[in-house]
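Please load the model in your viewer and keep a selection panel ready.

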Amino acid sequence: MTNNIEIRPFRIDIPQADLDDLRDRLTRTRWANELDIDYTDAVQTGPLPPEWEYGVPLSYVRRLAGQWLTSYDWRKWEERLNSYPQYVTEIDGQNVHFFHVRSADPDAIPLILTHGWPNTSLEYVDLIEPLTNPQNGEQAFHLVIPSVPGFGFSGPTKDRGWNRYRVAAAWAELMRRLGYERYGAHGNDGGSYVSPEVGRVDPEHVLGVHVTQLFSFPSGDPAELENLTEEEQGYLQFLQFFNENLGAYAKLQEQAPQNIAHAVADSPTGQLAWIAQLLSSCSDEHVLTNATIYWLTNTGASSARFYYEDKHAEHPKEPTTTPTALASFAFDFRPLRRFAERDHANIVSWHEFDRGSHWATQDAPDLLVQDLREFFSGL
């Protein structure tokens with residue numbers, strides 16, 4: 001790995017001309033057409049309302065784009081993000097942007113947090129204060145929150161191969177440069193793919209791995225499906241429903257990410273709609289801030305390539321062995337422990353919560369923070 005070990009302070013400073021261009025493009029949006037269907041009496045049968053039957057509906061995109069144009073304030077978010085220390089460094093030929101917020105607590109545990117798609121490092125901003133500055137003597141953390149190469153302020157990737165394993169190796173190098181001898185790793189969504197690999201690639205330094213999903217699926221062996229409980233059967237049915245009805249984005253990005261690249265690079269409304277298919281359960285402000293980050297950094301295409309690179313990677317056959325914890329939330333993919341233990345040999349904590357979603361930082365941050373504290377303080 002060729003390294004430029006310089007770590008430079010970073011500050012977000014978007015030229016006004018870029019914001020003016022964004023506004024101009026929004027005012028000239030040519031709206032998509034859609035079928036004229038009355039969903040008034042339709043019954044919701046899945047996780048999304050009936051009007052999402054064909055994908056992200058025009059009414060949703062029009063509403064958010066209207067906010068983006070008239071009331072959304074990027075400068076407010078720029079100021080908030082800049083209130084936390086940020087840096088950039090080059091690792092393996094790629095620019096890496098990250099927040100680095102140290103706790104005043106001398107017993108704080110270093111923790112690297114990895115976001116997923118279509119989120120950005122923004123995913124963890126609301127957790128910075130409770131994790132670095134807890135009350136009542138609870139476990140504190142020094143936080144490192146990088147932007148995955150190809151996402152946000154890390155900028156577009158420049159070459160092939162930025163899959164979960166290359167990102168994990170970069171994170172191990174980043175924590176080494178920051179001087180952390182022992183540290184923990186947490187991830188959600190794509191970060192739940194990356195974080196266990198940080199433990200695999202850097203076992204001497206990783207205390208433990210905490211994730212919100214363990215993506216362990218049936219291998220195809222019929223014996224694996226014998227004697228499933230009713231609850232386990234329900235988990236598999238949800239997974240099947242998701243793959244058959246809500247996974248179009250993953251298939252496209254795994255197979256031909258450049259097909260969508262041109263649309264999201266040229267149209268902010270297209271970029272907004274493309275990420276809204278998975279972020280729609282979050283607040284409008286969260287969706288719009290992520291859309292703005294992708295747009296201003298032109299990383300819609302490179303973030304999609306992460307799926308392609310990971311799909312075409314050579315995956316290890318052996319299970320991970322780092323102490324691993326799962327915090328699984330109610331309205332999310334629920335892993336089956338029998339499959340997870342096939343892929344992760346040292347699962348020491350397994351909690352399933354009755355609320356929260358795929359984006360637990362947004363709708364169940366208290367549960368996530370508490371689970372992080374309990375797991376890492378126990379180690």
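Select Trp117, Tyr249, Trp274 and Tyr307 together, since these residues form one aromatic cluster; rings of Phe, Tyr and Trp (its six-membered ring) pair if their centres lie within 6.5 Å, with planes under 30 degrees apart counted as stacked, over 60 as edge-to-face and the rest as tilted. This is a predicted model, in which local features need pLDDT of at least 70 and side-chain atom pairs count only at pLDDT 80 or more, while totals for chains, interfaces and linings use all residues. Residues are numbered from 1 along each chain as its sequence is written, and side-chain values use heavy atoms, with hydrogens and water left out.

The ring centres of Trp117 and Tyr307 are 5.7 Å apart and the planes stand at 80°, so the pair is edge-to-face. Trp117 sits in the loop between β4 (109–114) and α4 (128–132) and Tyr307 in helix α12 (residues 300–311), so the pair ties together parts 190 residues apart in sequence; helices (H or I, at least four residues) and strands (E, at least two) are DSSP runs, numbered from the N terminus.

Now step along the backbone from Trp117 to Pro118, where a cis peptide bond joins the two residues with omega at about 5°. Pro118 is likewise found in the loop between β4 and α4.

Which residues line the largest cavity? Select Thr114, His115, Gly116, Trp117, Val148, Phe151, Gly190, Gly191, Val194, Phe306 and Tyr307 to display its lining. A cavity is, on a 1 Å grid over the protein atoms alone, a set of points where a 1.4 Å probe fits but cannot get out, and lining residues have an atom within 4 Å of a point. This cavity holds about 60 Å³ of space, where grid points are joined across faces, edges and corners and a volume is the space filled by probe spheres set on the points. Helix α6 gives the largest share of the lining, three residues. By class, the lining has six nonpolar, five polar and no charged residues; Ala, Val, Leu, Ile, Met, Phe, Trp, Tyr, Cys and Pro count as nonpolar, Asp, Glu, Lys and Arg as charged, and the others, Gly among them, as polar.

Phi of Asp189 is near 55°, a positive value in a residue other than glycine, and at 8% relative accessibility Asp189 counts as buried. For a second case, select Asp92 in the loop between β2 (86–91) and β3 (94–101), which has a positive phi of about 55° and is partly exposed at 23% relative accessible area.

To finish, select Arg164 and Asp310, which form a salt bridge with the closest N and O atoms 2.6 Å apart; a salt bridge is a side-chain nitrogen of Lys or Arg within 4 Å of a carboxyl oxygen of Asp or Glu. The pair links distant parts of the chain, with Arg164 in helix α5 and Asp310 in helix α12, 146 residues apart. Arg164 and Asp310 are both buried.

Methods: Buried < 20%, exposed > 50% of the residue type's maximum accessible area, 1.4 Å probe, protein only. 1 Å grid on protein atoms, 1.4 Å probe; cavity = no way out; pocket = protein on both sides within 12 Å on 5 of 7 lines; lining within 4 Å.
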